[in-house]
Amino acid sequence: MDDVIAAQAFRDNYIWLAPGPEPGLVAVVDPGDAGPVMDALAAHGLSPAFVLCTHHHGDHVDGVPALAQRYAIPVYGPAAESIPGVTHPIQDGDVVGSDRAGFYRVLGVPGHTRGHVAYVGAGRVFSGDTLFAAGCGRLFEGTAFQMHASLMRLAALPPETRVYCGHEYTLANLAFARLVEPDNAAVLAGERRARRLLAAGQPTIPTTIADERAVNPFLRTSQPGVRRAAATMGGRETDTDAAVFATLRRWKDGFKG
Ligand code: ZN
Ligand code: FE
């Protein structure tokens, strides 16, 4: 059991409230909207210690100014991106946070955006729009090569690491994963689990790095079945894992789950 709280925003965004060592204090991750954050803080009797931003897209940061004004707390965000309200620009390798609310290591994971970062701490990774449950973000500012390297970095985290991503895309992602690997039993089991959780009104998040390595086609580019599917779809043999990744990403861009 984990005690991270999901505040839902917009259609399918998750804003995460992550507890640290001191009861009642949380890190707020990717507040695209301040309202749901304030509601969740009040409902659970929590205080925000700081804000973590993974990348500059509005659905992840537009709530920052209102939260900064109300609570006057540090706001961490990638130095390579311009995000209104960030007080502490950070980059790969930095450690952010506090004794009371917990520390997070910053991983540079470019691809979705140029400066996208993930935050790793307390057995969790907040992966923003880089690694989704059973999928990955679109390439808006980076290259397939960058995104593939970023996903490999995340895949190398300890297998039990819980993955908290920015959107509820899991079921559609698993439908694509099934197309790529029709015989992958873990994908079918993942779909059953996701359907059950969604029917109960619960997030399908978190998954774990081990789950992602078992079902996520974008982390499985070295698997023979994934390579065969990519070769068929791309119309030619793809040699490197990054080329397989690029083919899968293009394929999924045109896929309507
Ligand atoms: Zn985004
Ligand atoms: Fe997003």
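The questions and answers below go through the metal sites, an open sheet and the aromatic rings of a predicted model.

In this predicted model, local features need pLDDT of at least 70 and side-chain atom pairs count only at pLDDT 80 or more, while totals for chains, interfaces and linings use all residues. Residues are numbered from 1 along each chain as its sequence is written, chains are lettered from A and ligands numbered from 1 in the order in which they are written, and side-chain values use heavy atoms, with hydrogens and water left out.

User: Which residues are the protein donors of the zinc ion (ligand 1)?

Analyst: Donors are N, O and S atoms within 2.8 Å of the metal (3.2 Å for Na, K and Ca), and sites may look incomplete because water is not among the atoms. For the zinc ion (ligand 1) the donor atoms lie 2.2 to 2.3 Å away, and the donor residues follow the spacing H-x1-H-x54-H-x16-D in sequence. The residues are His55 (NE2), His57 (ND1), His112 (NE2) and Asp129 (OD).

User: What arrangement do the four donor atoms around the iron ion (ligand 2) have?

Analyst: The iron ion (ligand 2) is coordinated by Asp59 (OD), His60 (NE2), Asp129 (OD) and His167 (NE2) at 2.1 to 2.4 Å. Four donors count as tetrahedral if all angles lie between 85 and 135 degrees; four count as square planar and six as octahedral if opposite donors are over 155 degrees apart and all others between 65 and 115; anything else is irregular. Since the angles here run from 84 to 169 degrees, the arrangement is irregular.

User: Which residue coordinates both the iron ion (ligand 2) and the zinc ion (ligand 1)?

Analyst: The donor residues of the iron ion (ligand 2) are spaced D-H-x68-D-x37-H in sequence. The two ions are 3.2 Å apart, and the residue that coordinates both is Asp129.

User: Which strands stand at the edges of the open sheet?

Analyst: Six strands form this sheet in the order 1-2-3-4-5-6, with mixed pairing, where two strands pair if DSSP finds at least two bridges between them. Each edge strand has a single partner strand, so one side of each is left without a neighbour in the sheet; these are strand 1 (5–9) and strand 6 (88–90).

User: Is Phe176 buried or exposed?

Analyst: Buried means under 20% relative accessible area, exposed over 50% and partly exposed in between (1.4 Å probe, protein chains only). Because its relative accessibility is 0%, Phe176 counts as buried.

User: What kind of aromatic pair do Phe176 and Trp251 form?

Analyst: Rings of Phe, Tyr and Trp (its six-membered ring) pair if their centres lie within 6.5 Å; planes under 30 degrees apart count as stacked, over 60 as edge-to-face and the rest as tilted. By this rule there are eleven aromatic pairs, and Phe176 also pairs with Phe218, at 6.0 Å and 15 degrees, as a stacked pair. For Phe176 and Trp251 the centres are 5.3 Å apart and the planes 75 degrees, and the pair is edge-to-face.

Note on methods. Helices (H or I, at least four residues) and strands (E, at least two) are DSSP runs, numbered from the N terminus.
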